[in-house]
Amino acid sequence: AAGLYINVSDIDISELLKNKIAITAVLILGVPTKIFVPGYFLSLVEPGLILPAAFLCATVIAQIDPILAAKNIAHERFSVKYGTILRCWSSFDDPVTVLFAFYIFLPLLLQNRPDLVSRFFVGVVFEVLTCVGIALLLRALRSSSLSTVTKRSVEKLVVTSTSIASALTGRFLLPASLGLVARPFSERTKEFIINVIFVFSAFIIGALAVGVPL
């Protein structure tokens, strides 16, 4: 949740608006394509693997890691345009693929199919509306007579508590969306958090690779 928020908060908003068609195409067409095409071919390579299981595997392995993107995208390596597109892709494909996995493919695999489509869209709509509500709250906060220090402190509290709640509930679209409207943290703070997450992730992956129980 924190990594998603930080990755999105580094997106250049003006560049996002200039490339909104390309970014929309990536999210609407690119994300499902990189799930269904590898999943289909995976089912052909392994005939015993049923389609829901193949698509679930493809959903897991086809994501772009937002933590890696946040740590490695720099202007000397990427233009502002392509850095913005990659940040949007790596941030917003993660919650979308999570929703695909837990609301569609996993219930299909378990032969549990209660209103899959409605549950998927209700979850997305809930997160979007929550983000809109938080954005309106922050807008009112910024136009209030409170001091700048108080405003930034409240904004930091809102972002932090939202990220924690998202991590606990698994609603990762919310912190990603929040990165577009709330940016109270300094670049130094965000870099420190990303480094901590990156090192911790490397430790977890290494522990899992060698079979150490966590």
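Predicted model: local features only at pLDDT ≥ 70, side-chain atom pairs only at ≥ 80, totals over all residues.

Reader: Thanks! Where does Y40 sit?

Author: Y40 is in helix 3. Helices (H or I, at least four residues) and strands (E, at least two) are DSSP runs, numbered from the N terminus.

Reader: And which residues form the nonpolar patch on the surface?

Author: V37, Y40, F41, L44 and L51 do, with about 480 Å² of accessible area together. Helix 3 is the biggest giver, with 4 residues in the patch. Patches are made of residues with over 30% relative accessible area and no salt bridge; like charges are joined within 9 Å, and nonpolar side chains (Val, Leu, Ile, Met, Phe, Trp, Tyr) within 5 Å. The areas come from the Shrake-Rupley method with a 1.4 Å probe, and for residues only the protein chains shown count as cover.

Reader: Let's zoom out. How many helices and strands are there?

Author: The protein has 10 helices and 0 strands.

Reader: What about its overall dimensions?

Author: The C-alpha trace spans about 65 × 40 × 40 Å along its principal axes.

Reader: How much of the protein is buried?

Author: Of its 214 residues, 38% count as buried. The accessible surface comes to about 12,400 Å², and 71% of that belongs to carbon and sulfur atoms.

Reader: Nice. So what is inside: which residues touch the most other members of the largest nonpolar core?

Author: Those are Y5, I134, L138, V159, L178 and A182, in a core of 14 residues. Helix 1 (2-9), helix 7, helix 8 and helix 9 (173-178) each give two or more residues to this core, and the largest share, 4 residues, comes from helix 7. A nonpolar core is a set of buried Ala, Val, Leu, Ile, Met, Phe, Trp, Tyr and Cys residues joined through side-chain atoms within 4.5 Å.

Reader: What is Y5 in contact with, leaving aside its neighbours within four places in sequence?

Author: Its partners are V159, S163, P175, L178, G179, A182, R183, P184 and F185. Contact means heavy atoms within 4.5 Å. There is also a second, separate core of 10 residues, which includes L4, V8, I85 and L173.

Reader: Switching topic: how many salt bridges does a search of the whole structure find?

Author: The search finds 5. A salt bridge is a side-chain nitrogen of Lys or Arg within 4 Å of a carboxyl oxygen of Asp or Glu. One of them joins K34 and D93, at 2.9 Å from N to O. This pair links distant parts of the chain, with K34 in helix 3 (residues 20-45) and D93 in helix 6 (residues 80-109), 59 residues apart. Both K34 and D93 are buried.

Reader: Which residue meets R142 in a salt bridge?

Author: E155 does, at 2.7 Å from N to O. R142 belongs to helix 7 (residues 116-142) and E155 to helix 8 (residues 148-169). R142 is partly exposed, because its relative accessibility is 39%, whereas E155 is buried at 8%.

Reader: One more: what does E187 form a salt bridge with?

Author: K190, with the closest N and O atoms 3.2 Å apart. Both lie in helix 10 (residues 187-209), 3 residues apart, about one turn of the helix. E187 counts as exposed at 52% relative accessibility, while K190 counts as buried at 5%. Salt bridges that share partners join D10, E187 and K190 into one network.

Key. Residues numbered from 1 in each chain as written. Heavy atoms only, no water. Buried < 20%, exposed > 50% of the residue type's maximum accessible area, 1.4 Å probe, protein only.
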